[in-house]
Amino acid sequence: MSETNDEGATAAVPGAAHEGEDVLIILPVRNLVLFPGVVAPVAINREKTVAGAQEAVRTERKVGFLLQRDPDNDDPLPPDLYGTGTVAGILRYVTAPDGTHHLVVQGERRFRVLDFQTGMPFNVARVEYLPSQPATGPDTEARVLHLKRLAQEALSLLPTAPAELGGALAAMDQPEQLADLIASFLDVKPADKQQLLETLDIRTRLERVATLLAHRIEVMKLTKHIQERTRESIDERQKEMLLREQMKQIQRELGDDGDDDSGIAELREQIAQAGMPDETRAQVEKELRRLERMPEQGAEHGMLRTYLELVAALPWAKLDEEHIEIDRARAILEHDHFGLGKIKKRILEYLAVRKLNPQGRSPILCFVGPPGVGKTSLGQSIARATGLKFQRVSLGGTHDEAEIRGHRRTYVGALPGNVIQAIRKAGTRNPVLMLDEIDKLGRSFQGDPAAALLEVLDPEQNSTFRDNYLAVPFDLSKVLFIATANQLDTIPGPLRDRMEIIELTGYTEEEKVEIAKRYLVRRQLEANGLAGAGSQPGQVEVTEEALRRVARDYTREAGVRNLEREIGALMRNAAVKIASGAVERIRIDADDVPAILGAPRFENETAMRTSVPGVATGLAWTPVGGDILFIEATRTPGTGRLILTGQLGDVMKESAQAAVSLVKTRAEQLGFDAALFEKSDLHVHVPAGAIPKDGPSAGTAMYTALASLLTGRCVRSDLAMTGEISLRGLVLPIGGVKEKTVAAARAGIRTVLLPSRNRKDLDDVPARARERLTFHFVDHVDEVVELALAAVGTERDEALRETGSAPREPDGEARREPAEEAWASGARH
């Protein structure tokens, strides 16, 4: 029987046996139509079906099988069942170990449901039995012979059909039994079989069975034809493979080695000379033998050959000799980079240890700093100092683990990971390999690249690094890994633990000018075709004052990338004049810069911003270096609310609330009436409003801005501060001192207030920044107020404190300081 079956129904209560032979236990089934005279297995597992079957076995009663209209219905009701079914006797009942119940039943005759009985634990129906309608005559006999012929033809197309089935069909002379038996074996939909079951006229039933069987025969013929064509194609390929192998044998006998045509011999020679470990070589030679047996037209031939060529090209045993001379390395670092004294010192220590202990496990350096401060060029300098080849792997935006470990060869277009590809390009097993932008690794459903890098950067594991594409270990222990990052926060802890962090801060204005003089001007002269031939000077001269003006007024960054772009703009302007023949040489001075680059993009607005009470200058840390920010506070009539604007984060909002509470508690010391809080609203704003800001280090600046507003005393224009505050007035330590102080020096600040517990961090501040700044270390907000707020007593301060406006000239207009004039005229950052 080709159908799958199941399920359960309901049966009569124990007393139903006395209701007459026209009452049956009904078992609904899915996808099974039982015909009279057919023996079939039935699996049941629904509770009502099992109960009905068990009652029938116990009382030795017949059961009726009805097909469900919807096979997905787990609890069919009487309307969900067809009305015509087959009465069957249960020959065997078996319960399997998994709890399912199996029946072996034999169909006996058709019935039609009159109505279903209620109030019973299983389905019971009153039925009428449908008598068979015998048919004789030549017409019926012809249909029987036609159906037998079709059945024999169908059996001939089924090689797995039992031999006795054909004999049984040939010996069967009852038209009704023949139609039912063949119908039960037909591979058609259950609904079509149900239609045959409901067809009582024997001639019509024979005709429908013959039509369905003829359709199945056509389908089987087409299927057999397709299989024969497929087999012929496979046989043809096997024949071609055999002939090619015979041709190779003939060529070998004639002394004409056919391997030369396909490059197998050359590939074998490359593998032999690659210096692979024994385990790897055995695996590769096994793949090579498989390639030899594979026809060139085979689906895997190209993939396997590409794999073997790549494996043979890897530098398994090639190591470049390191030439480390400390004096030469120091000269290279001084030539390539200006400043960075502590960084150069650490690199020289690194190279010295590597020279004295070449077999030791050197730490993996990670240069962390803002863009444009020279992280990548430091790696190139290390490669020059060691005499090793340099390769760079960009990790920014990598979100697929396969970019590190490689793809498995089962995938179309599979490639090794970026690490193996970089080593192949270097042609040596000990290059300087820079992992650039390691802090910008992504993560997706395709895996975690940062986790894959753990094995690459672990000296205990990377000697047996296994790339998915190679599928054999490769030794990375001799590779000199160097990483770069802009910030540490996004690097996972386990990965950061495998690296030694070396931080690079931004450059001061003097350092930028010196870098421009030494490197950037010369590079842009060459890039724009303005460099002199040989030892002759270039065709464009840029004065030091011009470079200083570009650095101060047209760039505000930690690195020097924008500075180089602006210098390039100067060179392009000069190139137009020289190319047109107007001049032969050009000298660019500070006064020429605005005419070429336009109006200054940045101005020193510190004095302008702090010329009125309620404005303080703070210092902030960003992923691209330090920066200054202004805290502005104002007071309006209200009910004591605190308004915070400027896209402040939760931590910064809490700092503002703490500053307000602290100012309220110190109203008497500061000299103002605390009652004004009840009738005033305080508004604290941090420009620029489109940039999100967060962190605790603006606490002192917020307190100072509020103290300045409420006392009417201006904050010193040349002073900036950073530090967290507590409700007791303590100034707590913060991070990023080096970046913040460099930003203060770059912005023209002269005095910086720092928490006393950050005194130790002053050693990390560049010497040039320390020379330009005066540092005051404070423990309490009272010290901050004393140092930051201007003295009270001038006419201007008294007027601001008493009336909230500046004193007026005799003509009635308020007198403005120069900085206020600039603010009033619309000057902006």
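Guide: What follows is a conversation about a predicted model, taken topic by topic.

Visitor: To begin with the whole chain, how many helices and strands are there, and what share of the residues counts as buried?

Guide: The chain has 30 helices and 24 strands, and of its 829 residues 47% count as buried. Among the contacts with a separation of 6 or more, 74% are between residues 24 or more positions apart.

Visitor: Why is aspartate 448 called buried?

Guide: Its relative accessible area is 19%, and buried means under 20%, so aspartate 448 is called buried. Aspartate 448 is found in the loop between β9 and α16, where, leaving aside residues up to four places away in sequence, it touches Glu401, Gly442 and Arg443.

Visitor: Why is glutamate 60 called exposed?

Guide: Here the relative accessible area is 74%, and because exposed means over 50%, glutamate 60 is placed in that class. This residue lies in the loop between α1 and β3, and glutamate 60 has a positive phi of about 55 degrees although it is not a glycine.

Visitor: Which residues of helix α19 are buried, and what do they pack against?

Guide: In α19, which runs over residues 544-553, the buried residues are Ala546, Leu547, Arg548, Val550, Ala551 and Asp553. The buried residues of this helix pack against α18, β14, α20, β15 and α21.

Visitor: How is the packing of α8 and α10 described?

Guide: Two packed helices are described by the angle between their axes and the distance between the axes. For α8 and α10 the angle is about 35 degrees and the axes are 9 Å apart, and their crossing is left-handed. On the α8 side Ile264, Leu267, Gln270 and Ile271 take part, meeting Arg305, Leu308, Glu309 and Ala312 of α10. By class, the residues of this contact are five nonpolar, one polar and two charged.

Visitor: What can be said of the volume and the lining of the second largest pocket?

Guide: The second largest pocket has a volume of about 660 Å³. Its lining counts 28 residues, of which His337, Val373, Gly374, Ser377 and Arg523 are the closest to the centre. The elements that give two or more residues to this lining are α11, α13, β12, α18 and α20, and the largest share, six residues, comes from α13.

Visitor: How does the lining of the second largest pocket divide by class?

Guide: The lining of the second largest pocket has nine nonpolar, 10 polar and nine charged residues.

Conventions:
Residues are numbered from 1 along each chain as its sequence is written. This is a predicted model: local features need pLDDT of at least 70, side-chain atom pairs count only at pLDDT 80 or more; totals for chains, interfaces and linings use all residues. Side-chain values use heavy atoms; hydrogens and water are left out. Axes are lines fitted to C-alpha atoms, for helices over the stretch in contact, and angles run from 0 to 180 degrees between N-to-C directions. Helices (H or I, at least four residues) and strands (E, at least two) are DSSP runs, numbered from the N terminus. A crossing is left-handed if the near helix is turned anticlockwise from the far one by less than a right angle, and right-handed if clockwise. Contact means heavy atoms within 4.5 Å. Ala, Val, Leu, Ile, Met, Phe, Trp, Tyr, Cys and Pro count as nonpolar, Asp, Glu, Lys and Arg as charged, and the others, Gly among them, as polar. Buried means under 20% relative accessible area, exposed over 50%, partly exposed in between (1.4 Å probe, protein chains only). On a 1 Å grid over the protein atoms alone, a cavity is a set of points where a 1.4 Å probe fits but cannot get out, and a pocket is an open set with protein on both sides within 12 Å along at least five of seven lines; lining residues have an atom within 4 Å of a point. Grid points are joined across faces, edges and corners, and a volume is the space filled by probe spheres set on the points.
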